[in-house]
Structures are given as structure tokens and as C-alpha cells.
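User: Please take me through the terms used to describe this model, and set each value against its definition.

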Number of protein chains: 4
Amino acid sequence: MQKVLTVAVVGYGYWGPNIVRNFSAVELITSIFVCDINRDALRCAKKNYPAINLTTDFHEILSSPEIDAVAIVTPVFTHYELAKKALENGKHIFVEKPFTSSVAQAEELIELAERKNLKIMVDHTFLFTGAVRKIRELIDEGLLGDLYYYDSMRVNLGLFQHDVNVIWDLAPHDLSIMDYIIDEKPEAISANGRPHFGNSLEDVAFLTVFFNNNIIAHFNVNWLSPVKVRTTLIGGEKKMVVWNDLDADEKIRVYDKGVKVMNREGIYNLLVSYRSGDIWSPKIQETEALRVEAEYFVDCILNDRKPINDGHAGLRVVKMMEASTESLRNEGRPVRLAT
Amino acid sequence: MQKVLTVAVVGYGYWGPNIVRNFSAVELITSIFVCDINRDALRCAKKNYPAINLTTDFHEILSSPEIDAVAIVTPVFTHYELAKKALENGKHIFVEKPFTSSVAQAEELIELAERKNLKIMVDHTFLFTGAVRKIRELIDEGLLGDLYYYDSMRVNLGLFQHDVNVIWDLAPHDLSIMDYIIDEKPEAISANGRPHFGNSLEDVAFLTVFFNNNIIAHFNVNWLSPVKVRTTLIGGEKKMVVWNDLDADEKIRVYDKGVKVMNREGIYNLLVSYRSGDIWSPKIQETEALRVEAEYFVDCILNDRKPINDGHAGLRVVKMMEASTESLRNEGRPVRLAT
Amino acid sequence: MQKVLTVAVVGYGYWGPNIVRNFSAVELITSIFVCDINRDALRCAKKNYPAINLTTDFHEILSSPEIDAVAIVTPVFTHYELAKKALENGKHIFVEKPFTSSVAQAEELIELAERKNLKIMVDHTFLFTGAVRKIRELIDEGLLGDLYYYDSMRVNLGLFQHDVNVIWDLAPHDLSIMDYIIDEKPEAISANGRPHFGNSLEDVAFLTVFFNNNIIAHFNVNWLSPVKVRTTLIGGEKKMVVWNDLDADEKIRVYDKGVKVMNREGIYNLLVSYRSGDIWSPKIQETEALRVEAEYFVDCILNDRKPINDGHAGLRVVKMMEASTESLRNEGRPVRLAT
Amino acid sequence: MQKVLTVAVVGYGYWGPNIVRNFSAVELITSIFVCDINRDALRCAKKNYPAINLTTDFHEILSSPEIDAVAIVTPVFTHYELAKKALENGKHIFVEKPFTSSVAQAEELIELAERKNLKIMVDHTFLFTGAVRKIRELIDEGLLGDLYYYDSMRVNLGLFQHDVNVIWDLAPHDLSIMDYIIDEKPEAISANGRPHFGNSLEDVAFLTVFFNNNIIAHFNVNWLSPVKVRTTLIGGEKKMVVWNDLDADEKIRVYDKGVKVMNREGIYNLLVSYRSGDIWSPKIQETEALRVEAEYFVDCILNDRKPINDGHAGLRVVKMMEASTESLRNEGRPVRLAT
């Protein structure tokens with residue numbers, strides 16, 4: 001079995017340089033191709049990484065037998081087409097989030113990859129941050145007890161996208177994190193929002209995901225906020241977590257706080273007691289998430305492991321996005337998530 | 001015409017003492033009655049305000065000809081009954097928020113008060129804070145330009161209510177503020193939430209109010225948050241406001257930030273530019289809101305003025321609450337607000 | 001032996017009402033006298049505490065055999081005179097901080113009290129806060145290791161005093177805390193500052209206390225700061241503490257941070273490594289400090305215990321204050337603290 | 001007269017790369033030499049800037065006629081020697097702060113440069129930040145009124161230096177800013193501090209600078225703080241400034257706060273009133289300071305202008321450092337600054 005990989009990165013725009021930088025740092029990736037139709041982008045890539053190979057022609061990538069895997073770092077509406085061709089040509093794929101524009105596309109790609117025994121990894125970068133890993137760890141250890149809610153706010157001024165609304169731009173981050181953190185299956189989605197600049201792309205939106213067992217998840221995404229906020233509250237039976245991704249020193253705080261309901265015989269006998277104890281900020285691993293993910297991608301391919309962020313994870317997020325689009329059109333009417 | 005007032009306060013529980021304290025400070029209120037069925041509460045009132053008159057019998061209040069106005073500071077489900085009797089007996093009323101449990105009740109009370117030429121004031125206390133007054137002033141001066149959104153978060157641990165969910169407990173504050181700040185008419189509401197303690201009262205909930213002209217308002221209310229947050233973002237065309245009610249020194253910050261869309265010919269030609277200038281924290285009036293409101297109540301009665309927080313304002317909030325309850329039952333299905 | 005106490009409070013100005021309020025709440029104090037030359041102050045006291053006895057004549061307090069203890073809550077320049085008379089008349093004393101205006105006065109009072117077998121308690125209120133108690137506990141448990149420094153900032157706008165500078169106004173708080181927290185003996189003091197309003201009272205000042213073993217303590221006190229800061233950093237060998245007294249929820253944070261010096265062979269071989277781990281905010285006891293102190297005062301008298309904040313503790317603070325005044329006159333020239 | 005410059009950078013360690021990066025971006029600098037005895041450092045420089053010239057031999061720099069100016073970015077104890085040789089060989093110099101190790105060295109270099117008509121610029125980088133420029137602007141406009149105090153805190157964990165104490169490491173930043181901000185002449189200095197790691201280098205220290213007219217400046221520098229603080233309070237007669245250099249969005253806040261003393265007839269008649277108005281965060285220029293400074297260096301040479309951060313500015317800071325060292329040895333005994 002091969003022991004090193006050659007990877008092609010398709011798309012060298014906003015995010016592509018980060019992918020190339022981190023793939024370059026992986027020892028087992030011995031050769032990198034960059035493909036972009038923009039020659040200036042390629043020149044820029046060459047300047048920073050003299051050893052890489054360049055092409056403006058995607059078919060060169062497809063037909064090159066030495067290329068083992070293709071990273072697709074292009075606008076979402078092109079993912080399906082590029083990913084399909086890469087798989088058909090026997091390449092493993094690493095796809096920018098969101099995975100695809102539709103559930104049908106995602107399902108087709110998954111089926112194709114399985115048939116050809118190829119890996120799909122969707123770039124849910126946040127799953128590889130120290131903060132998300134720590135939260136998952138706290139939940140796995142039972143520290144939080146049963147989960148009550150997940151409430152995320154991801155707002156700031158810009159960056160306006162031209163082809164997708166604020167939900168498709170920002171919510172995939174949070175939905176992929178929620179999908180990783182909460183083991184339960186989401187049942188339905190309600191989404192609402194509004195555009196304010198003449199096009200039909202919502203720039204302020206709110207999303208609620210319902211679960212079977214009364215867990216509720218909520219997402220506040222906004223391109224028009226005067227302040228940058230990246231905060232998630234996670235309420236559990238035993239402890240609660242505040243994750244402030246903008247806090248350099250204390251991204252995660254675990255609150256020993258809770259509510260205990262003593263007596264449920266009739267509404268006026270509901271006795272509630274509050275618990276308030278220590279607060280604790282665990283030290284978070286600071287390695288760059290994309291670096292960890294790049295190593296993991298290589299490991300999954302070389303050792304035939306199933307990624308946590310595989311096509312199915314990508315599909316679960318796309319399912320929620322598709323449902324949110326439908327609900328959005330109906331001002332919050334809930335949309336069931338098919339099982 | 002009479003120049004001073006005698007006021008009765010019905011209900012001396014959690015909020016009643018604040019009402020009595022502030023009514024006591026109003027020069028033109030020369031006599032105060034307190035009515036509560038709990039004799040301990042009355043003893044406590046007497047201890048703090050030796051001059052007040054006490055009774056456990058509401059009918060004594062109703063039949064006393066010297067009492068001009070009645071403040072109803074009891075659980076919401078009792079408001080209608082008590083308010084109706086007070087009005088029928090010729091008393092002006094000051095009613096705790098939310099005004100009533102239903103739109104029908106509110107409409108009946110308004111009609112009754114108008115027929116008897118009596119004042120209704122609903123205790124939308126926040127309208128009398130320096131912060132809300134300042135925001136209204138900024139909007140009136142055109143400083144913010146057209147409004148885009150109003151996004152409020154009011155969360156902390158407790159205080160669990162026994163008879164209403166978190167929306168009926170916390171949202172009336174925010175809806176009354178929104179009603180005062182935004183001149184447009186709300187068109188529809190989508191609400192969702194979940195209970196977590198065996199009863200059917202939601203302790204985490206989210207509410208969206210839609211307006212005709214793409215203004216969108218959102219409310220995040222939660223009894224289960226480990227941290228206390230009382231923050232509202234208001235996005236305008238020209239400037240944006242962050243109101244943090246927990247900040248002792250800088251409750252309001254005005255951000256000279258915005259987005260300018262230059263070109264709308266096709267989605268890929270949308271040119272967006274960002275503006276980021278000074279930040280300004282205007283000095284906020286610090287007089288206790290309830291004190292200002294108490295003076296205003298007296299002034300409205302003695303000088304026959306229409307309160308900004310009259311029965312109609314109370315009704316508008318109850319309408320939104322009633323719609324939110326219906327939407328909540330349907331996981332966010334939007335409910336039109338009848339005009 | 002008697003089982004209950006009668007206490008007189010002399011001085012009902014800014015702080016006196018807090019003393020009366022907390023003494024009133026102590027079960028074993030069965031009777032309270034208040035003495036003030038200002039009749040309005042007395043009327044105000046009576047209104048709030050109908051059961052107390054009033055007098056404008058201090059001699060009445062001195063000669064009343066039923067009074068066991070006298071709390072002296074007057075300007076510092078009067079402490080010695082009033083305290084001396086109280087002790088001479090067989091009363092235990094509770095004296096506002098700083099204990100006296102001079103070392104000589106403090107020493108005389110201590111000697112007198114010891115001779116007459118009476119208790120002196122100096123109102124170093126902060127020693128009874130949950131925060132200071134917790135810090136002391138952390139140090140006692142060895143959690144911080146050897147102490148390196150204590151650095152406190154206590155600044156805000158006002159409250160200007162008429163008879164003392166900012167050091168005599170604010171530093172006694174911090175010096176009494178430092179005295180309680182750090183077991184070592186201070187060796188010398190350097191103080192500097194400046195007045196800005198035509199009188200000779202410094203409104204901005206800085207104070208350094210040197211210890212034998214390289215512990216250094218620093219105090220920044222300022223009546224002219226636009227922002228209120230009440231923060232103390234405590235650096236230890238093993239852990240470090242940030243105490244922010246204005247933080248409602250996390251007054252104390254313990255940082256698992258430190259420096260390790262590996263190699264000391266010559267300056268260029270000094271290898272330093274940094275450690276950075278979890279941050280932890282222990283739950284702080286929230287009982288009002290003055291309430292705890294009032295109970296403790298009664299307990300010390302009735303059970304003949306030596307208070308931690310006795311005359312000697314008061315004297316140690318006055319010694320540092322007196323030295324700081326001398327250093328201040330010489331722009332920071334260090335003044336030895338006699339042993 | 002020549003219209004472009006060739007510059008040599010001596011020392012490519014911690015700060016040198018920043019100098020090269022910013023000099024590279026200046027259009028009028030057409031050629032750059034880098035000199036370091038460490039060949040790995042040179043290789044690293046070449047990799048990032050293929051166009052630069054390398055040498056390990058400082059004499060090559062000195063003897064090269066094409067080199068117009070030399071940037072000395074080496075440890076402070078080498079500045080004098082290198083700067084002197086550069087000036088003797090007709091090169092303008094840009095010297096890392098602090099300028100020299102002693103007043104005598106600084107004076108000699110200034111004299112030499114003036115004799116040879118060469119420029120000295122000391123790298124007081126902060127003078128070119130938007131924040132410091134804005135503060136200077138506010139003072140120049142008279143917005144703050146007379147200055148009362150300047151109080152700076154610059155603390156965090158590390159970076160321990162091997163050859164200088166925390167004052168020589170951190171205070172030159174603040175002293176150069178103070179020198180730029182405050183037009184008055186400092187009169188004396190009191191400094192104290194302590195080492196904690198077996199060597200004699202203080203890691204915690206405090207510095208006070210006295211001015212004639214009761215302005216007082218204070219500097220808190222600390223390598224052993226668990227938290228990073230970079231905050232300066234500036235108290236003025238009319239307004240006060242808080243500069244928090246770690247705040248990404250609001251580095252500077254101007255407080256319309258102040259004290260007014262109404263009556264000065266005797267200490268007990270001192271009537272003080274407090275003013276508290278709006279808070280304002282002016283937008284700060286965000287261009288990298290070193291970039292602005294690099295352009296300014298070239299401009300001063302080519303157009304024969306006197307830099308604000310010339311040798312005299314460097315000397316003023318060294319004078320204060322030298323005095324602080326003497327005061328430090330005597331635990332705060334004030335040291336006069338010769339005029």
C-alpha cells in the first residue's frame with residue numbers, strides 16, 4: 001500500500017491558500033497541485049510555495065494518475081460537478097462546506113464514493129478545534145448530564161456573499177458542530193430571516209432545530225451586526241457551558257450551575273432550586289484546526305478509516321440547510337427532516 | 001378638578017413593594033392603600049410605610065370613594081377580573097404587564113375605560129428608562145436611518161414562573177420596547193421553544209416578529225442560561241446600536257458602522273462596501289424608571305393626557321403574546337397579526 | 001457571664017448606617033444606642049430603626065453602665081480621643097479604619113485595652129468578604145506556592161475627602177488585606193503622589209511595600225480615574241490569582257500559570273519555560289462582610305477571643321500609613337518600618 | 001540630491017524581520033542589505049525576501065558606498081558601538097529602542113551625527129500608532145485641558161530577557177509615548193521593583209516620573225502577570241482618556257468626566273462636584289505603525305527633516321532609564337533628572 005500522497009487543490013481564492021498551507025505542512029503529502037482558472041491566483045500560490053505544480057485545467061488533475069486526492073475549495077454550486085468527476089476518476093475528495101447545494105447531490109456522491117471505495121471528507125473545520133473537541137469531551141464524560149439546549153450566535157459586519165444567503169454562509173459551521181456535539185437526531189427545522197439590500201439573499205436569519213427529546217438548538221446568524229459575536233451557550237442538566245470563540249484565553253467556561261425541580265404535583269407546587277458553584281476554564285489545545293484536519297484526512301486515506309466528517313456528516317448538514325431554505329420561504333413554518 | 005390623588009395598590013408580592021415605594025415618592029399622591037390577602041405582606045408594607053392604609057378585602061378598595069386609581073400588581077390571570085371591577089367602580093387603573101391573558105379581555109377593558117372616561121396605564125416600565133428613551137430619541141432624530149432589525153437576548157438562570165412560560169414572563173418587556181421603538185406595524189409572528197421540567201411551560205424560547213418592510217425583530221428568552229445577558233442589537237441603515245442593560249457605565253453604544261451596496265446589476269456585480277467609524281456612548285438619564293412612570297401616571301390622570309403605555313399599547317403586546325402562543329404550539333408556524 | 005450585648009454606635013454619617021443595620025441583625029446584640037451631634041442624622045436613624053436609643057451626648061454613652069461596647073464611626077482624627085474615653089470607661093471598642101492618625105495613638109490604645117482587659121476591633125471589613133477569605137484559604141492550602149508580588153489598583157472618580165489624602169482614604173483597605181494575606185513582615189515603604197486641586201491632599205498616589213524575601217506589594221490609589229477599577233493581581237510560584245472585586249460572578253480567578261527557570265549558569269543560559277493551564281473561579285461566599293464581622297465582634301467579646309483584626313492589626317496598618325506619609329513628602333524615598 | 005535609498009539592517013533576530021518587511025514595502029528604498037552573524041537567520045531572510053543582499057560582516061556594510069542608512073536591531077548593549085561606526089562611515093542610523101545603554105553614549109552619538117550632518121532615528125514605534133497619534137491630537141486640540149496624570153500598566157507572562165530587567169525591556173515603550181504626549185519636562189524619577197529568579201534582574205517593577213506642575217506619570221511593568229494588560233489612563237482637567245491597546249475595536253475611549261472644585265477656603269469648605277457625560281471612541285487609523293515609521297525615516301533623510309523620534313528623543317528616554325536604575329537600587333529614592 002502507498003505510504004505517501006499527492007493532493008490537488010482546486011480553487012485558490014479566499015480559503016484555498018489556508019488549505020495549501022496546511023497540506024504543505026503534512027509530511028505524508030509529498031506533492032501538491034493547485035488548479036485555478038485565475039492565473040494571478042496561481043502566480044501568487046507559486047510565489048508562496050515554489051514546489052507546487054500549477055494548472056488552469058481541471059481535466060489535467062482528473063487525468064493525472066499520480067494524484068490521489070482532490071480538495072475542492074470552490075463556491076458551493078460547483079461542488080457536486082467537481083466532486084463527481086474527481087470520484088469518477090478514482091480520487092478521494094476533501095470538499096469545502098457546505099458539502100453540496102442539495103440533498104440529492106450529496107446522496108449521489110456518497111453512493112458513488114462507496115461504490116468506488118473512495119473517501120469523502122467535508123471540511124467541517126471547527127470539529128478539529130480545541131474548543132469543540134473539549135466540549136465533546138465534557139459531554140462524553142457525562143459532566144453536563146442530559147442536554148437541554150444549544151444556542152449559538154455568529155454575527156458581525158460582512159462578509160456579504162453574492163450567491164448564498166447568511167444561513168448558507170454561516171450556519172454550516174454551527175450545524176456541523178451541533179451535529180458532532182449532540183448525539184440525538186434532529187426532527188424538524190424552523191427558519192426565518194430577511195434581506196435588506198434589494199436582492200433576495202437574507203442577511204439576518206434565525207434557525208431553530210428541534211429534537212425528539214426536547215433538546216432545542218438555535219442559531220442566530222447576521223451579516224449586519226456592529227459587533228462581532230461568536231458565542232454558544234450549552235445548557236445541561238448538571239452543568240452549563242459558555243463557549244466564546246473570540247476570547248483568546250478562556251474560550252470555554254464550564255458553569256457549575258443548574259436548576260433542580262423538587263416537586264411536580266401541580267403547577268403551584270413546582271419547587272425550583274438553583275445551584276451556583278465554581279466556574280472552570282479548561283486549557284484548550286491550540287494547534288490550528290485545519291492542520292489537525294489535514295493530518296486526519298491523510299490518515300483516513302492511508303489507513304482506510306471512516307472520517308467523523310465524512311459524506312454522511314456533510315449530508316446531515318445539507319439536509320438541515322435544505323429544510324431551512326424551505327422554512328425560510330414560509331416565515332418559520334417547521335419542516336420535518338426525513339429519516 | 002382634583003389636584004391630588006389617592007391610589008390603591010393591589011398585590012404586595014415581588015413587584016408591589018417597588019410600586020408602593022415609587023408611588024410614595026410622588027408628591028401628588030397623598031394617600032396610599034395596600035390590598036393583599038396575605039397578612040404578612042401587609043405587615044411588611046406597614047413596617048416600611050407606616051402611613052399607608054391596609055386591607056385584605058378588594059371590595060373595600062372598590063367601594064372607597066376617596067380612591068381615585070388602582071394599581072393591579074397581581075399574577076396575569078387575575079388582571080382582567082380586578083381591572084374590570086376597578087373600572088366599573090370608576091377607578092383609573094395601572095396594570096402590571098402583560099396587560100391581560102387574552103386579546104378579548106384587553107379589548108373589553110379598553111372599551112370599558114373609554115366609555116367611563118378612565119385611564120388605563122400598563123406598566124411597561126422599560127419605556128421610562130433612560131436607555132430606551134435615548135434609543136427612541138436617536139431614531140426620532142434620524143440618526144440610525146431606516147431600521148433593518150431588532151435583536152434582543154434576555155437570558156439568565158431563573159426566575160421560574162409557575163403559571164406562565166418564559167415568553168409570557170420575559171418577552172412582554174422586549175415586545176413593549178419594540179412597540180415603542182419601531183413605528184411600523186408587525187405583521188406576523190413565529191415562535192418556538194421547549195420545556196425541560198416535566199410541566200408544559202417552555203423555559204427556552206425564540207420569537208420572531210415580521211414587519212411589512214423587511215424589518216425583522218427577534219427575541220431570545222431563556223430561564224436556563226448560566227450567564228445573565230440583557231443585550232439588544234439594533235441595525236440601521238446609517239448607524240447601529242448595541243444596548244447592554246447590564247453595563248453600568250455604557251448601556252448604549254452607537255456604532256458609526258454600515259454597509260453600502262453600490263451596484264445591483266446581477267448577483268455577481270453586487271459591490272458591498274463597509275463603513276466603520278467612531279463609537280459613541282451617550283450619557284443616559286439615571287432616574288429610576290418606575291419613579292418617572294409613577295409621576296407620569298399621575299400627570300395623565302390629573303391633566304387628562306393619553307399615556308404612551310395606555311390600554312392600546314398593552315393590547316398590542318398581548319396580541320403578539322397570543323399569536324406567539326399559537327405559533328409555539330406549532331413549532332414556529334407563522335401566525336398573522338390581525339389588524 | 002453575660003450572654004447578650006448592648007452596643008453604642010458613635011457617628012451616623014456615611015458608614016454609620018451600615019454599622020447600625022448589621023449590628024441590628026445580630027441576635028446577641030439586644031440593644032443599640034446611636035450618638036451623633038447632628039440631630040437630623042439621629043432622626044433618620046430612628047425612622048429606620050424605631051427601637052434604638054438616641055443621644056447627642058457622648059458622655060451619656062460613656063457613663064451608661066448598660067453599654068458594653070462602643071463602635072466609633074467618625075473621622076479618623078477623632079478616633080483616638082473617643083476610643084480612649086470609651087476604654088477608660090470600660091467599653092470594648094470597634095473602630096473604623098484606619099485605626100488612628102498615628103502609631104503613638106494606636107500603641108497607647110492597645111496598651112490601655114490590654115490593661116483593662118477590653119477588646120479592640122478595627123473595622124477591616126474586607127477581611128470578612130468571601131473573596132479575601134478564599135484567597136487566604138488558597139494560600140494556606142499552598143496552592144499558590146511562594147508569593148512573588150501583590151499588586152492592587154483601587155481607582156475611580158471621587159469620593160474626595162476633606163481631611164485626608166487618597167492614601168489615607170483608600171489604602172487602609174488594601175494594606176489591611178495585604179497584612180492578612182501575606183504572613184511576612186513588611187520592611188520598608190516607598191510612596192509618591194500628587195495633589196491637583198490647590199490643597200495639599202494627594203488625589204493620585206502609588207505605594208510600594210517591600211518585604212524581606214523579595215515579595216513586593218504595590219498599591220495604585222486614585223480619586224481622579226474615569227473608570228472604576230478594583231483589581232488585585234497576586235503572583236505565586238505555582239499559581240496566580242486575579243481578584244476583580246467588581247465582577248459579580250467571578251471575583252476570583254486562579255490561573256494555573258507560571259514560569260520555570262531551568263538553568264542559572266550565567267545570564268545567557270537562563271532558560272525560562274512558561275506554563276499555562278486551566279483557569280478556575282471558585283464560588284465565593286456572598287454573605288455581607290459587615291454582617292459576618294458584627295457577629296465576630298460579639299463572639300470575640302462574649303467568648304474572650306482575640307480578633308484577627310485587633311488593635312495590633314490596626315497598628316500595623318497605621319505604621320504603614322505613617323511611613324507612607326513620610327515617604328510621600330520625599331517623593332518616594334524609602335522609609336524603614338521599625339520592628 | 002539622491003531620490004532613493006539603500007538601507008542595511010543589522011540584526012535579524014526577533015524584531016529584525018519586522019523591520020525588513022516594512023522597509024521592503026517602502027517604494028523609495030530600492031535596495032536592502034541584511035547583516036547577521038547567524039547564517040540561519042540570513043538564510044531565513046533570503047527565503048522571504050529573495051531580492052535582499054546578505055552579509056555576516058558588519059564592515060562590509062560600513063565600507064559599502066551605496067548604503068545610505070543602517071538600521072541597528074541588535075541587543076541594547078551593542079547599539080553604541082554599531083551606531084558610532086555607522087555614523088563615522090557616513091550612514092544615517094535607525095536604532096532599536098532603547099537608544100543606548102547610557103546617557104553618555106547617547107550624547108556622543110548625537111554630537112557625532114550633528115557634526116556629520118546625519119540623521120538619527122530611534123525606533124519609538126508606538127509614536128506611529130493610530131492610538132498614540134489620536135491621543136496627541138486630542139491633547140493638541142485642548143480637549144483634555146491641563147493634564148493631571150498618566151498611568152500605564154504593561155504586564156503579561158514573559159518574555160523574560162537575559163540581559164536587561166523588566167524596566168529596560170518594557171518601559172522604553174511607555175516613556176517614549178509619555179515623552180511624546182506630555183510637553184512638560186520631567187524633573188525626577190522614583191523606581192522600585194524586585195527580582196524573583198535568582199539573578200538580579202527585576203521582573204516586577206514600578207516607576208514614577210514627577211513633573212514640575214504636579215503632573216505625575218506612573219508605569220507598572222511586570223513579566224509575571226497571569227493576564228495581559230496594556231492599559232493607560234490619562235487624567236485631564238476637562239476630559240479623561242482610557243487607552244486599552246488590547247481592545248481591537250475601541251482602543252481609545254474619551255470620558256467626559258471630571259471634578260470641579262468650587263471653593264477653596266479651608267479644607268472643610270472644599271466643595272467638589274463631579275461631571276459625568278458621554279463616552280466617545282474615536283476611529284483609530286489602522287496602518288501598521290512600523291510601516292508609517294519606515295516611510296517617515298526615508299522622508300526625513302531625503303528631505304532633511306528632523307524626526308520627532310530623533311537622537312534627542314532617544315536620549316530623553318535613556319536619561320529616565322538611567323535614573324530609574326539608580327532609584328531602583330535605592331528602593332525608590334527619587335533621582336533628579338539633570339537638565
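**Terms and the values behind them**

Analyst: A:Pro98 is placed in the loop between strand 5 (92-96) and helix 5 (103-116) of chain A; helices (H or I, at least four residues) and strands (E, at least two) are DSSP runs, numbered from the N terminus. This is a predicted model, in which local features need pLDDT of at least 70, side-chain atom pairs count only at pLDDT 80 or more, and totals for chains, interfaces and linings use all residues. Residues are numbered from 1 along each chain as its sequence is written, and chains are lettered from A and ligands numbered from 1 in the order in which they are written.

User: What kind of peptide bond joins A:Lys97 and A:Pro98, and what is omega?

Analyst: The bond between A:Lys97 and A:Pro98 is cis, with omega of about -10°. In chain B, a cis peptide bond joins B:Lys97 and B:Pro98, with omega of about -5°. B:Pro98 lies in the loop between strand 5 (92-96) and helix 5 (103-116) of chain B.

User: What is the phi of A:Asp304, and where does A:Asp304 lie?

Analyst: Although A:Asp304 is not a glycine, its phi is positive, about 50°. A:Asp304 belongs to the loop between helix 8 (289-302) and helix 9 of chain A.

User: Why are helix 7 of chain A and helix 9 of chain A called oblique to each other?

Analyst: The axes of helix 7 (residues 166-181) and helix 9 (residues 311-329) of chain A come within 10 Å and cross at roughly 130°. Axes are lines fitted to C-alpha atoms, for helices over the stretch in contact, and angles run from 0 to 180 degrees between N-to-C directions. Angles under 35 degrees count as roughly parallel, over 145 as roughly antiparallel, 65 to 115 as roughly perpendicular and the rest as oblique. Helix 7 and helix 9 of chain A are therefore oblique to each other.

User: Which residues of helix 7 of chain A and helix 9 of chain A meet?

Analyst: On helix 7 of chain A they are A:Ile167, A:Trp168, A:Ala171, A:Pro172, A:Leu175, A:Ser176 and A:Asp179, which meet A:Ala313, A:Arg316, A:Val317, A:Met320, A:Met321 and A:Ser324 of helix 9 of chain A. Two residues are in contact if their C-beta atoms, placed from the backbone, lie within 7 Å. By class, this contact of helix 7 with helix 9 of chain A has nine nonpolar, two polar and two charged residues. Ala, Val, Leu, Ile, Met, Phe, Trp, Tyr, Cys and Pro count as nonpolar, Asp, Glu, Lys and Arg as charged, and the others, Gly among them, as polar.

User: Why are helix 4 of chain C and helix 5 of chain C described as roughly parallel to each other?

Analyst: The axes of helix 4 (residues 79-88) and helix 5 (residues 103-116) of chain C cross at roughly 10° and come within 10 Å. Helix 4 and helix 5 of chain C are therefore roughly parallel to each other. C:Tyr80, C:Ala83, C:Lys84 and C:Leu87 of helix 4 make the contact with C:Gln105, C:Leu109, C:Leu112, C:Ala113 and C:Lys116 of helix 5 of chain C. The residues of this contact divide into six nonpolar, one polar and two charged.

User: What makes up the contact of chain A with chain B?

Analyst: Chain A and chain B contribute 46 residues each. Strand 11 of chain A supplies the largest share of the side of chain A that touches chain B, six residues. That side has 26 nonpolar, 14 polar and six charged residues.

User: How far apart are the nearest C-alpha atoms of chain B and chain C?

Analyst: They are 9 Å apart, and chain B and chain C do not touch. Chain A and chain D are likewise joined by no contact, their closest C-alpha atoms lying 9 Å apart.
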